[in-house]
Structures are given as structure tokens and as C-alpha cells.
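Here are my notes on this model, as numbered points. Please read them with the structure open.

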Amino acid sequence: MADMDSLDKTVFDAIILGTGFTQTIVAAALARAGKTVLHLDENDYYGGESGAFGFRDLVKWSDKVATPVSSGGNADSDKIEFDKLVAKTYNHVEIQLYDNTNQDVIDLTSVIEANKGASVEDRAKAIKNHINAAYTPSTLSKEAKEAIETLASWAASSNQEETAKNFNTVSACQIQALEELYKTTRKYNFDLSPKLLYSRGPLTNLLISSGIGKYLEFKLLERTAVYEALTDKVEMMPTSKEDVFVSKALSLKEKRLLMKFLQFAVDYENQKEVWEDYKDAPFTQFVQAAYGLTDKVLTAVVYAIGFDGNDEATTTDGLKSVKVYLQSLGRYGNSAYLCPLYGVGSELAQAFCRVSAVYGGIYMLQHGLDKHVVDKEANKWQSVVDHLGQTLQAGQLICSREYLSVDMDAYLEARILNRSYVSHCILVTDRSAFGETTLCKTLFPMGSLILNPGEAPELRNEHTISVLQMCGGTMSCPSDRYILYVWAESDTADGSAKEELTAAIRKLVHIPGDSLSLKAPVSSEGEIVPEPVPAPSETKALGDTSSEDQPRMSLDQEMDMEQVRQEILKAEKKLFEETDATTPVPSRPSTPGPSSSSSTTKPLSKMFQKSKSSASLANAGAIPAPVALFSLFYKRTTSWPRVPYPIGSEKLTPLPSNLTLLKPMNHSLDFEAATEEARAVFERLCPGEEFLPPTPDPEDHAGY
């Protein structure tokens, strides 16, 4: 990789701006196909919006994206305003450091008010001096001093009003908690856009076929849970044949219904007569009409098995997702999902970058860019000028939105009709929210939560909220801490991520000062009981079967679809061989009428309110509630042009013909959309070329 700012070579086949996940796959594929690639990033880290940080870097990142950037007057139409567009992507950034004791509280309101008219720097200095005068331990570590300085900057901030409001007071508990986070900063890998991989999905298959998977290590997702509104509990869902056998939440009839549906879903493409008339109807309508699934089984099918982030999935979408899920089961153990270690998006991005570099790709991080040069008459991109004044040329430019020029971004902005966002929360807790289950995903179906309890009119979550709990075994955090990633699609920039996600967080953790959250375990003196420090978790490479606690399969031991189908048939026979109960195989359902969607299908919000269950997971009396220690909320823009375009936008100059603009990372649980986009870009640029063929073994191929 290049280790200097200036380049001897300035002409390439392709220049790629940004090391986001999709860009890195395209870069690896182009370099592997023999193209010359220059890959630049203004950031000092890999991954872009899918990056991963230690704690200290996460705080720096949040400060950066929360700080508005002005263009400094009328910017040149070809100028690249990277920092401005990055800051524009994020809003409602809010940090909270929770006080679990309410002891030794230092009131900052008077010093904040007294320095209201001062500069932010002077106000922060005054607050820091005030804290130092009140907080007087025998010694102060360098991390404690850094913690005090950080708390003072948050309290003094004028750009992060939502954060500043949380620090009108600080306590010794908060200082010590922040000191600990700084001391263990390198043990954290916080993901900005957390995701998982299907064990047999397009990305995993690509990692295996190309040989890139050898750069990575994984753990299996352990369980999947779904919140049920009627019982107000988070229920573990049966998501494999083994789960169906042991589940106490499903009756025998419900188990039979689920097994029948799974048998059909494995081979649904060869049974079009069953579902073809429902292909564009809601997935929930089909499974109810064709299989008569109960609410409990419907929950498992739609959310625990078939949910890919789309609340309005059609039958075609839903069946495709269920099949991918079933295909993935058993490949490396009793789970359909893999979780990369050391931060999901960043690790994957770096793995693809390594391949690109091996095949001649040139990489430069923290490399400033000034402007684009475009042939206006031909509307063709020609080059990009960097901060040194070098003109870097290529036949193709691939980039994400933050690397567009002023004119290019104006064109894109004018073409956006419907805005879309993703609300995020990164939450650090002191123990698992799921008892002995440490790596788990949880779903809160749309309409199942009240966002504003006690207020009128009542507001419910308009989109499904996803939660992914990471443990020390994923190398994302210390062994005595857990990370909860909470996110959901959002239709507006007005509501904050905190307003849209807190209702779900309350069902999983104790939030100090929030009476609606779960209750934390307390001692006889009324103090919160901390979680005992567990033994360090061991991590293994994909395919490592040396331990029985989490069985793996080697990459070449794949189970084909006929084997999957036979496994389900065997499971069904075992389950029902001793019962005379019969459930007929569904015949082709009647064609839905124009209004059948509303008349035959219950809304999901109503469905989950009526669901009943005898087996609960998150029961405050059975599993001690984890305590929230730190949270970061933010809302990310994912808006993208859709047809029809707004009137008037057709008069603007379109993007250059040889510029490929990549979509922002979506809100789904997996990387499949980004992987397929990268493949499509490569096949358009290199028709007839193989997409990321296997990489030679360096021991067998000199010069690799």
C-alpha cells in the first residue's frame, strides 16, 4: 500500500473513493480482474459508514459528525465538500453516560450559566476547573483526566444540544465509568452499521469461493427472540428443527404446522401452484391463508425466520428469505447466521482491501480531495484533484455520496422524493440481557411498542426494531461487558433516534433514572448489584471444530438442498410418528381479490397483541436486568432517488456517464443488498469477466 501522499502514477483504470463495504468489494473484484485501481479515503479508518471504532475513536467520530460544517461562502460547483456531506448524513447525535448511584453529584448549572456568553473552549475550561475542584480522589490517572475533559466538553457543547442537556450535572460514578471506558478503549470494536451474514448467503459464498474468508474469524449467532405485546415479554423463537422439538412455547399442533411450512419453503420454487397467486400479496396473508398458521407460529415464520428488514415483504420476498435461512441452517452449526469478529463491517472491508492490494490496488487513507474535473459538453468525468494539487485520472469513478461535488450532490438531492433514515443506538451494559445467551438478535415487530406511554395521541413504532447483542467472544468488548445495537428504519428526520428506540431498550435493560425500564438487581442496602466477571470467552476461526461448545463445519462440508429437505422430513416424522393428528397439505389458495389484503389478514400490530405464550425469555424475576452504562444515539440518512422524480429535477445536469454512485448502507440485518450491488457494478464495468475468482495460495504461487 502507498505510504506517502504523492503518487508517481496518476492514471488508472478505476478510482474508488471511500472504503465503505460495497466499494471494497468492487475494488477487490476490479484488481483481481487485472484492472489498475486507486482507492482513496478521506477518513483515517476503513469501512466508511460501516466502520468500527474503539471507544476513544467512537467519541471522536460522534463529535465530528455532530459538528455542522459550513462551505465558507459560495463553493465552486466542482468542489468536494466531504466533511460537510458527512455531517449532513447524521443528525440527532446524543451521548448519555448513566449514573447508577446518584451519589457525589456535581452541579454544573451555575458554571454553565455564568459562562453562557463565553466561547465553547472557555466554557469547557471553566466547567473542567469546576469538576476538578469538586472531584478530589487521592490520585487521578491520565484516563480520569481525559474523562473529566470529555465531560466538560459535552456539557459545554453548543453543537450537541441533546448531549449537553444530559450533563448539567456529573457524578463520581460517571467520571469513573468514563475512565474505565477509556482504559479499555482498545478492547471495544463498535460497529456503526451492525449486520450479520447468512451462513449460506451470497456474501458467505463469495468469501469462500474467492478465498477471502481465510482472512476472517466468526462466531455463530446463538438465538433469535421476538417481543410479544400481549405478554409484554421477549420470547425465544424456535428457528430450527432442534428448537421445534424442545420448544415449550408451541403446542403439538403448532409444531406440526411449522414443520409443514418449513418443508414446503425448502422447495417452494417447485410448488408455484401453492403461492403464485399470492406472489405480490403480503407474506403474512399467504402464510395465514395457505397454512392457517397460528399467531405464535406466524411470529416465528415472519420475524424470527423470514424477516430481512422489510416490514412490507411480499410473498415472493418472504419465501426467498425463509429459503435462504433454511439453507444456512446446519452449515456451521445450529444457526443460520455468522458474526465476524473484531467489528463486522470494518473487518470485512479490510479483508477485501487486502485482496485488492495484493493484486496491485493502491490505498491511501486520510487523503484529502479538492474537486472533480468533468467534461461538461460530453458530461463525462475526467479526474479528481487531491489536496496536493495532483490530478488523478481514470476511465471510471466509483464513489459514495459524500465524495460528490457541489453540483453533483445538488442533482442527487433534487431527485429524492421520499426521505428515508435509520435510527441507531449503541448501548454498553454490564451483563447479558438474555441470561446465558450472549450472542443474540431480537425483533420488536412494527406496532408492538408504545413510544410515548401516558401521552395522547398514542404513538407506536412504525417499523420493526432490531436488536443485536454482542459479547466479549466476538472481540467487540471486554469479557465483562456487552453491547446492544438497536436500530430501525425511520421516515422522518424530525423524531430523534432516542425517541424512536427507547421503548425497545426499556424492555431489555435497566436505564438509571427511567422508571419505565426493567428493574435492576439491588442489594439489601439498595445498591445495584454488578455482574460478576466471567471467564474470558474463547474465539475460533470459521470451520474450527476443536471445541464442542459451539460446533463448526469446515468450509467444504456443505449440505445441499436435498439434504436440507430430507433433514426436515426426518424431523417431521420423528415429531409426529406417535400421534394420529393430521393436518392436510395445503391446496392452492383462492386468488386474492382486490380488497382481500385488508379483509383476510390481521394487521401485525393486532396480531402480536393477541398472541399468547407460556414460555418467556426476558422475565425480570428470572433473568437479572442488565444496567445501561453508556449510550450513543444517532440518525443516519439513507435517502435515495426513486421514480417518479420531482418535477423540475430533469432540467439539472445528470451525473457523468462514467461515474458510479453507490447506495448508502440499508437497515437490513445482512449484507446481501450491498453484495449484489457490488456484483452488478463489476459485471457492468467488466462484462464477461469472472467476479472474484479464487485467489491462489501464496505458498503455491510465487508472486501472489
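1. Basis and overall figures. Contact here means heavy atoms within 4.5 Å. By that criterion, residues 24 or more positions apart account for 77% of the contacts in the protein with a separation of 6 or more. The model is predicted: local features need pLDDT of at least 70, side-chain atom pairs count only at pLDDT 80 or more, and totals for chains, interfaces and linings use all residues. Residues are numbered from 1 along each chain as its sequence is written, and side-chain values use heavy atoms, with hydrogens and water left out.

2. Burial and surface. Buried means under 20% relative accessible area, exposed over 50%, and partly exposed in between (1.4 Å probe, protein chains only). Of the 704 residues in the protein, 55% are buried. The accessible surface comes to about 29,900 Å². Carbon and sulfur atoms hold 48% of that surface. Areas come from the Shrake-Rupley method with a 1.4 Å probe; for residues, only the protein chains shown count as cover.

3. Secondary structure. The protein has 22 helices and 22 strands. Helices (H or I, at least four residues) and strands (E, at least two) are DSSP runs, numbered from the N terminus.

4. Two strands pair if DSSP finds at least two bridges between them. Eight strands form an open, mixed sheet in the order β4-β21-β17-β20-β19-β18-β10-β11. Which strands stand at the edges? They are β4 (90-97) and β11 (233-236). Each has a single partner strand, so one side of each lacks a neighbour in the sheet. Neighbouring strands are turned by 15 degrees against each other on average, direction ignored. Axes are lines fitted to C-alpha atoms, for helices over the stretch in contact, and angles run from 0 to 180 degrees between N-to-C directions.

5. Strand β18. Is β18 (residues 440-444) enclosed or open? Five of its five residues are buried, so the strand is largely enclosed by the rest of the structure. Cys440, Thr442 and Phe444 point one way, and Lys441 and Leu443 the other. In a regular strand the side chains alternate between the two faces of the sheet. Note that Lys441 is among the buried residues.

6. Pairing around β18. Strand β10 (residues 223-228) pairs with β18 in the parallel sense over four bridges. Ala225 has Thr442 as its bridge partner. With strand β19 (residues 465-470), β18 runs antiparallel, joined by five bridges. There, Leu443 is partnered by Ser466. Next, β19 and β20 run antiparallel with six bridges. Leu468 bridges to Tyr485 of β20.

7. Backbone geometry to check. Ala456 and Pro457 are joined by a cis peptide bond, with omega about -5 degrees. Pro457 sits in the loop between β18 and β19. Met475 is not a glycine, yet has a positive phi of about 60 degrees. Met475 lies in the loop between β19 and β20 (482-490) and is partly exposed at 25% relative accessible area. Leu692 also has a positive phi, near 45 degrees. Leu692 follows α22 (672-685) and is buried at 2% relative accessibility.

8. Cys477. This residue is in the loop between β19 and β20. Cys477 is buried, with a relative accessible area of 4%. Beyond neighbours within four places in sequence, Cys477 has contacts that include Lys187, Tyr188 and Met470. Val428 is 49 residues away along the chain, with a C-alpha separation of 8.9 Å from Cys477.

9. Helix packing on α15. The axes of α14 (residues 295-305) and α15 (residues 315-328) come within 10 Å and cross at roughly 80 degrees. That makes α14 roughly perpendicular to α15. The scale is: under 35 degrees roughly parallel, over 145 roughly antiparallel, 65 to 115 roughly perpendicular, the rest oblique. Val301, Ala304 and Ile305 of α14 meet Ser321, Val322 and Tyr325 of α15. These residues divide into five nonpolar, one polar and no charged. Ala, Val, Leu, Ile, Met, Phe, Trp, Tyr, Cys and Pro count as nonpolar, Asp, Glu, Lys and Arg as charged, and the others, Gly among them, as polar.

10. The other partner discussed. Helix α11 (residues 252-266) packs on α15 at about 95 degrees, with axes 9 Å apart. The two are therefore roughly perpendicular. Residues in the contact include Phe261 and Phe264 of α11 and Leu319 and Lys323 of α15. The contact divides into eight nonpolar, no polar and one charged.
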